[in-house]
Amino acid sequence: MALIELKGIARTFQLGDTTVNALADLNLVIDPGEYLAIMGPSGSGKSTLLNLLGLLDRPNAGSYLLEGRDVTTMQPDELAKVRSTRIGFVFQSFHLVPRLTAAENIALPMTLAGIPAAERVKRVAQALLDFGLENRADHRPDQLSGGQRQRVAIARATIMQPALILADEPTGNLDRHTGEEVVRLLEELNERGVTLVVVTHDQALGARARRQLMMEDGRLQSDSTHLPPLQGEGRGGDGLIAPISNPSPSPPPP
Amino acid sequence: MRLPDILRFARDAAIGYPMRTSLSVLAMSIGVASVVILTALGDGARRYVVGQFSSLGSNLVIVLPGRSGTGGFNPANAITSTPRDLTIDDAAALLRAAGVKQVAPLTAGTSEISVAGRLREVMVAGTTASYFPIRNFELGQGSALPEEDWGRGSAVAVIGNTIREEMFGNAPAIGQLVRVGDRRLRVVGVLKPVGQGLGMNTDELVIVPVALAQAMFNSNTLFRVLIEAKSREAIPQVREEVAEILKQRHRGEEDVTVITQDAVLATFDKLLGALTLGVAGIAAISLAVAGILVMNVMLVAVTQRTGEIGLLKALGATGNTIRLAFLAEAAMLSAVGALLGYLLGQLGAFALRQFFPVFPAYPPDWAVIAGLSTALGTGLLFGFMPARRAALMDPVQALMKH
């Protein structure tokens with residue numbers, strides 16, 4: 001069963017008396033475990049698509065099946081529950097709560113879901129270890145570097161063990177080296193079976209995904225064809241993609 | 001989201017914006033403090049008056065010359081309609097009534113007192129020995145007026161403590177002669193200093209036998225007759241008997257007014273109670289203003305934290321959770337403000353009592369409870385709208401505001 005199945009999705013916005021078609025007649029199937037990049041110029045509808053995939057927005061037409069369930073007819077509270085348990089978000093500007101510590105930020109989805117404190121402490125401790133943040137647990141976001149902040153955000157996105165991670169320009173506010181680290185973290189998650197959808201302007205970042213969607217004017221311009229989805233054995237490989245779209249090869253991992 | 005988590009989240013949010021939080025807490029605490037202090041003042045006034053009335057003596061029935069209807073004291077009546085004097089004999093006749101314990105006739109006027117060239121104006125009360133126990137007067141030195149025939153009027157006086165100080169200084173006063181008006185009187189007693197009484201300062205009073213006072217002021221009528229009933233239950237009966245006896249003695253005319261202390265007390269109690277309530281109402285307005293301020297602060301908070309609300313929604317918070325979090329924050333601001341205001345108010349009332357020891361400025365319990373619950377109520381009520389706005393926010397729009 002496909003993780004995500006979009007059929008005939010349309011999303012329009014009313015700007016004054018003109019109607020803008022942010023998305024029009026969009027069909028898309030995403031299988032579990034895919035690594036997908038959505039690319040396109042500003043205003044092409046990629047953020048709208050991401051919001052739809054993340055259940056933050058509703059389409060005006062079409063159907064959206066998430067894990068076989070039609071989510072377009074769900075009540076807001078049901079949608080919140082699906083977001084809580086199945087979807088993790090990673091944002092360009094991290095979106096950490098400034099007054100909470102790193103550990104509290106990571107625990108936030110569990111707190112919202114009403115998971116008991118003892119369980120939260122256990123899982124947060126593991127997450128801090130996994131993401132190399134064990135010495136930063138009690139730091140507030142303004143005491144963390146950009147890379148650390150995004151690592152906290154990724155830890156937060158994964159703490160509920162979602163099936164799908166949606167990353168909106170996850171490296172947009174980071175320098176190249178830190179961005180590289182963050183992308184590899186996300187790719188490692190994908191290797192463990194989490195479906196990863198990245199929205200980006202960055203050709204180099206987009207090219208690392210196993211599948212690319214090019215969007216323009218609210219329509220799918222192209223669905224990547226250059227590689228069939230790799231099954232099982234490792235990820236798409238830097239070497240394979242870097243020469244195609246990266247004029248200056250990404251720096252080697254430290 | 002679990003309740004302790006919601007509370008902790010709301011607390012952290014409140015602490016996260018110290019300026020905003022402290023201002024709304026301040027407004028709320030001023031509101032509650034004003035309720036507490038103002039009602040303490042109002043209720044203090046009530047207690048003070050009630051206390052003063054009680055110090056007049058217990059189980060008191062008072063006869064006034066002249067008829068005033070049930071409407072209470074009417075100045076026109078007091079001046080015009082006294083066809084028949086209320087005499088000492090009238091007062092003596094009242095001793096016949098069954099429930100009466102003791103009777104004191106009272107006549108009053110102002111005169112001058114002089115001792116060795118020192119002169120001052122004084123209030124002179126003409127009465128009998130029974131006046132002292134009825135009014136609960138205590139003597140500092142010497143003795144009260146002698147028990148004697150009410151018509152006799154021996155040349156003695158009991159003086160107030162201030163008079164003694166001014167006339168005699170440190171010299172002994174008992175047994176000394178003073179001149180009051182054109183009479184020479186011997187001082188037999190000095191009242192204990194008591195301070196300000198209701199309308200009459202006994203420290204500046206000269207008490208003489210009633211017959212003497214009537215002769216001094218050349219008058220046959222009494223100012224009051226004070227009657228002490230044997231018990232509280234006997235008061236209504238005494239009142240009727242007194243009215244009946246005086247009616248008979250005045251040839252069937254009801255030309256006196258009989259009032260009971262209870263009635264006067266109840267009137268004052270009601271009046272000042274209403275005053276306290278009115279003052280509390282005024283203070284409640286400041287509470288409502290504080291509530292509106294909390295609403296404003298919460299609306300600003302919702303706007304300021306739009307991005308955060310979007311994030312919470314993306315992370316799976318339901319509208320209900322967000323509404324609860326903001327309501328909890330508003331409730332916390334109000335509760336802390338109310339508590340602080342309560343302490344401030346009690347402190348203010350305490351300070352009032354320190355500065356004016358005779359004034360029992362204690363806030364009544366009902367006012368404290370009403371003030372605190374109004375504070376919490378308005379906080380929650382006015383917190384509801386901002387919380388609702390937060391809960392209904394569109395997550396996509398909210399996330400873009402980060």
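The sheet of chain A is open and has six strands in the order S6-S7-S8-S3-S9-S10, with mixed pairing. S6 and S10 (219-223) of chain A stand at the edges with a single partner strand each, so one side of each has no neighbour in the sheet. From one strand to the next, the twist averages 20°. This is a predicted model, in which local features need pLDDT of at least 70 and side-chain atom pairs count only at pLDDT 80 or more, while totals for chains, interfaces and linings use all residues. Residues are numbered from 1 along each chain as its sequence is written, and chains are lettered from A and ligands numbered from 1 in the order in which they are written.

**Terms for strands and helices**

- Helices (H or I, at least four residues) and strands (E, at least two) are DSSP runs, numbered from the N terminus.
- Two strands pair if DSSP finds at least two bridges between them.

**Strand pairs in the sheet of chain A**

- Strand S3 (residues 35-39) of chain A runs parallel to strand S9 (residues 211-216) of chain A, and four bridges join them.
- Within this pair, Ile38(A) has Leu213(A) in S9(A) as its bridge partner.
- S9(A) and S10(A) run antiparallel and are joined by four bridges.
- Glu216(A) is placed opposite Arg219(A) in S10(A).
- Two residues lie between S9(A) and S10(A), which form a hairpin, and Asp217(A) in the turn has a positive phi of about 50°.

**Chain A as a whole**

- Chain A contains eight helices and 10 strands.
- Of its 254 residues, 47% count as buried; a residue is buried if 20 or more other C-beta atoms lie within 10 Å of its own, exposed if 12 or fewer, and partly exposed in between, with C-beta atoms placed from the backbone.
- Among contacts in chain A between residues at least 6 apart in sequence, 70% join residues at least 24 apart; two residues are in contact if their C-beta atoms, placed from the backbone, lie within 7 Å.

**Ala163 of chain A**

- Ala163(A) is located in the loop between helix H5 (146-158) and strand S7 (164-168) of chain A.
- Ala163(A) counts as partly exposed because it has 17 C-beta neighbours inside 10 Å.
- Leaving aside residues up to four places away in sequence, Ala163(A) touches Leu3(A), Pro32(A), Glu67(A), Arg86(A), Val194(A) and Thr195(A).
- From C-alpha to C-alpha, Ala163(A) and Val194(A) are 5.3 Å apart in space, although 31 residues separate them in sequence.

**Strand S8 of chain B**

- All five of the five residues of strand S8 (residues 205-209) of chain B are buried, so the strand is largely enclosed by the rest of the structure.
- S8(B) pairs in the parallel sense with strand S3 (residues 118-127) of chain B over five bridges, and Met123(B) stands opposite Leu205(B).
- Strand S5 (residues 156-159) of chain B runs antiparallel to S8(B), with two bridges between them, and Val158(B) has Ile207(B) as its bridge partner.

- Helix H10 (residues 306-314) of chain B is mostly covered, with seven of its nine residues buried.
- The buried residues are Glu308(B), Ile309(B), Gly310(B), Leu311(B), Leu312(B), Lys313(B) and Ala314(B).
- Their cover includes helix H2 (76-86), strand S6 (87-90) and helix H3 (102-113) of chain A, together with H11, H12 and helix H13 (395-400) of chain B.
- Just after H10(B), Gly316(B) takes a positive phi of about 105°.
- The contact between the chains takes 21 residues from chain B and 22 residues from chain A.
- Helix H1 (3-16), H10, H11 and H13 of chain B are the elements that give two or more residues to the side of chain B that touches chain A.
- H10(B) gives the most to that side, with six residues.

**Packing of helices H11 and H12 of chain B**

- Helix H11 (residues 319-355) and helix H12 (residues 365-391) of chain B pack at an angle of about 150°, with their axes 8 Å apart; axes are lines fitted to C-alpha atoms, for helices over the stretch in contact, and angles run from 0 to 180 degrees between N-to-C directions.
- That angle makes H11(B) roughly antiparallel to H12(B); angles under 35 degrees count as roughly parallel, over 145 as roughly antiparallel, 65 to 115 as roughly perpendicular and the rest as oblique.
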